[in-house]
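This report goes through one structure residue by residue and element by element. The sequence and coordinates come first, and the description follows.

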Amino acid sequence: MSGARPLAERAIFAMGGGGFTMEPANPLLDDYVLGLARVPRPRVLFLPTASGDTLEQMNAFRARFAGRACTAEQLSLFRLHGARRSLEEIVLSQDVIYVGGGSMRNMLAIWKAHALDAMLIEAWRRGTVLAGLSAGAMCWFEGGVTRSAGPPESIAGMGLLSGSLTVHANGEPERLPVWLASVREGTLAGGWALDDGVGLLFAGRTLRAAVSSRPGAGAERVDAVGGELVRRRLDVELLGAGEPSRGAFRRVDEAVEELRLVQRLRAGVSAERDS
Amino acid sequence: MFATPQIVAFGGGGFSMERDSSLLDDYVLALTGAIRPRVCFLPTASGDADHYIVRFYRRFAAACDASHVSLFRRDQGVDGVEDDLESHLLAQDLVYVGGGNVVSMLGAWRAHNIDAILRKAWRRGIVLCGPSAGSLCWFQEALSAFHGAPRRVRGLGFLPYSNCVHYDAEPARRAEYRRFVAAGMLGGFAAEDGVALHFRGTHFARAVSSRPDACAYSIECARGEVLEQRLAVVYLGGERSARGASVAA
């Protein structure tokens, strides 16, 4: 376990990128999340909503948590068939809720349609640790930067934490300038920019720690003061041995391969017709 | 002047559910009147599942200008429609909505303004169709039994009725729908797998089916009593009337 201790206050752990979907060979951040739970064998629920509940994310979650000291469960809002418990029963019986990355806009809209946003806030109030990366990290703040419609744009979050957050500061370079401009203009509140591999731990609404799974990964606090940006690097604690891990997790299954084939065929067909 | 708005709501069936029958899909394609229809697939209710998108292209790519809109992959620029959702959808002859979770689908649609775009498309005479969630969504109210206890869900409201799909799939479904209608849910239409309800404007035009023995019903509540009436269903595999003589609405 990598130095994480349960907090007396409500806990949120927000990652700029990393964990089982992005670092299949590096469990440091995920073990840190488990260490935040108040019980030795926590119940962990994964919400892959932002991805559309892809099998890739769900398989990666299983691969990471199946052999660890926890009871791992997933909640798909697209594949609810057969679930006997209500959403509320599922969400309110967890020690850790872990939210995956993807489309923040879709995720928040779908949560709202199922009234899941209110259930998550209630879970947090009751002491469930909320964790997540990317969309699953920005959602807890007042706002963030999403690429849900293609180009990066600012978007409102649930506002459990004050300030805004931007993610993948090093991995997706087009995101950071949009966030900085939004903070400067006041469209977004000041907040934090996180590289892939960095996580911020909040106790209640207060930043308690910044940790990282990769050497060199950083974070900064940015505020607009008198129309100018004030930027400050955070001290980030490197977890464990800090083996670097590069390259997003990708498992291409047959359906995706066939989809690509169909697209190549279609492209060929339309080119033929146009000529 | 636009063509008459048309919606074809499948109780279940079409390419996603019926491997050996393309009767319902052929029916909606014929409604477009186009030689090579432009058909766009919305797989939102499945979470834009890759296998579902593949099956759509397998079915439609040869005879149609087929495309799909993915609301979960808009940042990746690798498939589907990336730019202007509205102009793309309004350029179609047919919008085909896939099955899955209707609540999740409607939530995601709202976030991308798809609900307003589809209303515009419908008014312009672009044919709208789909099974399951792709049927429930067009109605004012729907009975969703996707998760836990069945419940009332508010749809887009293009059709001022309620809707219940897979009416034959679970024995309890019929009793649940009748109970909801008795408790104040709008009257409406129930369709079994393989039956499609065809609406012209907001009026029910006819029911067609890909299976000789599949049924559809209209349900209403009059003076506290729930009345269920079997509708005439035209079997598309021979255009001979299936059971349920001529009790059409």
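## Gly52(A) and its surroundings

Apart from neighbours within four places in sequence, Gly52(A) is in contact with Phe78(A) and, across the chain boundary, with Ser46(B), Gly47(B) and Phe72(B). The model is a predicted one. Gly52(A) sits in the loop that runs from β2 (43-47) to α2 (55-65) of chain A. Its relative accessible area is 2%, so Gly52(A) is buried. Gly102(A) is 50 residues away from Gly52(A) in sequence, yet the two C-alpha atoms are 8.0 Å apart in space.

## Ser76(A)

Ser76(A) belongs to the loop between β3 and α3 (87-91) of chain A. Because its relative accessibility is 7%, under the 20% limit, Ser76(A) counts as buried. Its side chain makes a polar contact of 2.6 Å with the side chain of Asp53(A). The side chain of Ser76(A) also reaches the backbone nitrogen of Phe78(A), at 3.1 Å. With neighbours within four places in sequence left aside, the contacts of Ser76(A) are Asp53(A) and Met58(A).

## Helix α2 of chain A

Met58(A) is also one of the buried residues of α2(A), together with Gln57(A), Ala60(A), Phe61(A), Arg64(A) and Phe65(A). Viewed down the helix axis, the buried residues of α2(A) fall within an arc of 160 degrees, so they line one face of the helix. What does this buried set pack against? The partners are α1 (28-35), β2, β3 (71-74) and β4 (96-99), which belong to chain A.

## Nonpolar cores

The largest nonpolar core contains 94 residues. Within this core, the residues with the most contacts are Trp111(A), Trp140(A) and Leu165(A) from chain A, and Trp109(B), Leu118(B) and Trp138(B) from chain B. Helix α4 (residues 102-111) of chain B supplies the largest share of the core, six residues.

Beyond four places in sequence, Trp111(A) touches Leu47(A), Thr49(A), Leu77(A), Val99(A), Leu116(A), Asp117(A), Leu120(A), Cys139(A), Trp140(A) and Met158(A). One of these, Trp140(A), is itself listed among the core residues with the most contacts.

## Chain B overall

Chain B is built from seven helices and 14 strands. Of its 249 residues, 60% are buried. When contacts in chain B between residues at least 6 apart in sequence are considered, 66% of them join residues at least 24 apart. The accessible surface of chain B is about 9,600 Å², and carbon and sulfur atoms account for 48% of that area.

## Helix α1 and positive phi angles in chain B

Buried residues of helix α1 (residues 23-32) in chain B are Leu24(B), Asp25(B), Tyr27(B), Val28(B), Leu29(B) and Thr32(B). After α1(B) comes Gly33(B), with a positive phi near 70 degrees.

Asn113(B) is in the loop between α4 and α5 (114-123) of chain B, and Ser132(B) is in the loop between β5 (127-131) and α6 (133-136). Are these residues buried or partly exposed? Asn113(B) is partly exposed, with a relative accessible area of 41%, whereas Ser132(B) is buried at 14%.

## Glu192(B)

Glu192(B) lies in the loop that links β9 (188-191) to β10 (195-200) in chain B. Glu192(B) is counted as buried because its relative accessibility is 11%, which is under 20%. A polar atom of its side chain lies 3.0 Å from the backbone nitrogen of Cys215(B). Leaving out residues up to four places away in sequence, Glu192(B) touches Gly11(B), Gly12(B), Tyr167(B), Asp168(B), Asp213(B), Ala214(B), Cys215(B) and Tyr217(B).

## Cysteines

How many disulfides are found over all chains? The search of the whole structure finds zero. For Cys164(B), the nearest cysteine sulfur is that of Cys215(B), 14 Å away. Cys164(B) is buried, with a relative accessible area of 0%. Cys221(B) is likewise in no disulfide, and its nearest cysteine sulfur, that of Cys164(B), is 16 Å away. Cys221(B) is partly exposed, at 35% relative accessible area.

Note on methods:
Residues are numbered from 1 along each chain as its sequence is written. Chains are lettered from A and ligands numbered from 1 in the order in which they are written. This is a predicted model: local features need pLDDT of at least 70, side-chain atom pairs count only at pLDDT 80 or more; totals for chains, interfaces and linings use all residues. Side-chain values use heavy atoms; hydrogens and water are left out. A nonpolar core is a set of buried Ala, Val, Leu, Ile, Met, Phe, Trp, Tyr and Cys residues joined through side-chain atoms within 4.5 Å. Buried means under 20% relative accessible area, exposed over 50%, partly exposed in between (1.4 Å probe, protein chains only). Helices (H or I, at least four residues) and strands (E, at least two) are DSSP runs, numbered from the N terminus. Contact means heavy atoms within 4.5 Å. A polar contact is a pair of N or O atoms within 3.5 Å; within protein, one must be able to donate a hydrogen and the other to accept it, and residues adjacent in sequence count only if both atoms are side-chain atoms. Accessible areas come from the Shrake-Rupley method with a 1.4 Å probe; for residues, only the protein chains shown count as cover. A disulfide is a pair of cysteine sulfur atoms within 2.5 Å. The arc is that of the directions from the helix axis to the C-beta atoms.
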